Amino acid sequence: SNFNTLLPCPKVAADRESWFTLGQGRGVLLGLVWWSIEKEIKMAKILPPHGGVDEPVNRIVDTLGDTAGLPKINVVAVDQTSLYRIADGTLSPLTGPMGKADYDQVLNEKSITRSGEKWAWAIPVPLPVTDAEAETLKAGEKAALEFEGSVFGVITIDSVYDWDKSEFIEKTYGTSRTDHPGARLWTGDERTKLCGGEISLLAFNDDREFKDRIMSPADTRKLLAEEGYDASIAFQTRNPLHRAHEYALVYGAEKVLRDEKPSKIGVFLNPLVGQLKGDDVPAATRMLTYERLIDGHYLGDGDKDVELWKSSGQDLNQQTKLAGLDMRMYYGGPSEAVMHAIYRQNLGFTKFIIGRKHADAPYDDKTDIWGDFDAQEIFSKLGGKLAIETVNVGFAAYFEEIARVGLVEDNKGKTTVSISGTKVRSILNSGEMPDSRIMRPSTAEVLIEYYKKKNEAAA
């Protein structure tokens, strides 16, 4: 038989002489095996975890041993979430809440040091404790981590230290004012001490209805490898998506497709589903809107560059995945944008979208804390290394002249269709459908039902 016709892989055919040294029959067989393996392990591009570690940190254990005689730390829900993100590697290279050395370095230098190198880090992640708990904790000794009466982990204490909340707020948020949602996360917390150390946690028992949509670094990295994505891009959100929000993900994916021409790009809608402020739409409702958007293949409908996707032999909706990230919001603007990028690097993604007013929450008088694009600009002045690359996206809107959503900077002088967020909520609250040029019906239907139930419960 002719060697070239039997081997569908040109690379193998090109090296046929070396395979023939093993004998013609064995050469053909081994060549076919080689081609099969190459096809199976098509090289996905997966970023290394942050901080110089080879694999995402894993601090989940099967058993904690005897914790009966240990001092106990009563952990609140939002801190438990952060601890589990340390344990599953989302906050790699941390192996526990930050001790004083890391905490001070983050506040003053926006970095942590590991193996003699500085790595970008913008918001400290310590564990707050009460004064009474702090008195029982000693460096080098263990304490039990307890939530609602049940022990879920153990921490070996590195340090216990005072919490200067004024300094924390000013250096994290870039303002000494406290009349904004980010500051109230801390001023409303009565605890005044912090501790750090290395943790071991039992697996988290998640009973939320959307638990199967939440993905850890191990999950996303496995998916990236299985799909063979040689580029991937993630979009952060804490809100139901208007079409202009949705377009940020479409635009980001298309920019990478044009600029880098990957053979297969993974597109990830990666919303935060951890603790938010009280007036944000609950995670369960938001996840339902995202599911309707993605499962219905509505993402980019009418707005995407159809020819680009067709010419690249790729399909936006087939390659878009919903991956919930169970992490809290800090409402920290530029500082939080850096943290959001770190989370996504640890998930393995190669690109992360930064839009206007990323992680923004203004002062109570509605004036801005940060500029519209401060969260994009901070990546040019990081305090340490960061491997993931950001894709900046500007203001987007629906334009009548082009009959789709596009960037404002590319459509100057054209007529925008816009409604304030307050007006959209009012329309949804009344049970009416907003303009489909602003919000897709699939999203609006879920929100109308949510507001209906909310109003009925309040009546």
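**View 1. Glutamine 105 is buried, with a relative accessible area of 14%, where buried means under 20% relative accessible area, exposed over 50% and partly exposed in between (1.4 Å probe, protein chains only).** Glutamine 105 belongs to helix 6, residues 100-109; helices (H or I, at least four residues) and strands (E, at least two) are DSSP runs numbered from the N terminus. Apart from neighbours within four places in sequence, glutamine 105 is in contact with Lys110, Ser111, Ile112, Thr113 and Lys118, contact being heavy atoms within 4.5 Å. The model is predicted, so that local features need pLDDT of at least 70 and side-chain atom pairs count only at pLDDT 80 or more, while totals for chains, interfaces and linings use all residues. Residues are numbered from 1 along each chain as its sequence is written, and side-chain values use heavy atoms, with hydrogens and water left out.

**View 2. Asparagine 411 lies in the loop between strand 15 (404-407) and strand 16 (416-417).** With a relative accessibility of 7%, asparagine 411 counts as buried, and, not counting residues up to four places away in sequence, asparagine 411 touches Phe399, Ile402 and Gly406.

**View 3. The largest nonpolar core holds 73 residues, a nonpolar core being a set of buried Ala, Val, Leu, Ile, Met, Phe, Trp, Tyr and Cys residues joined through side-chain atoms within 4.5 Å.** Ile73, Leu83, Leu91, Trp121 and Leu145 touch the most other members, and helix 14 (residues 333-347) gives the most to this core, with seven residues. A second, separate core of 45 residues includes Phe235, Met287, Leu322 and Val424.
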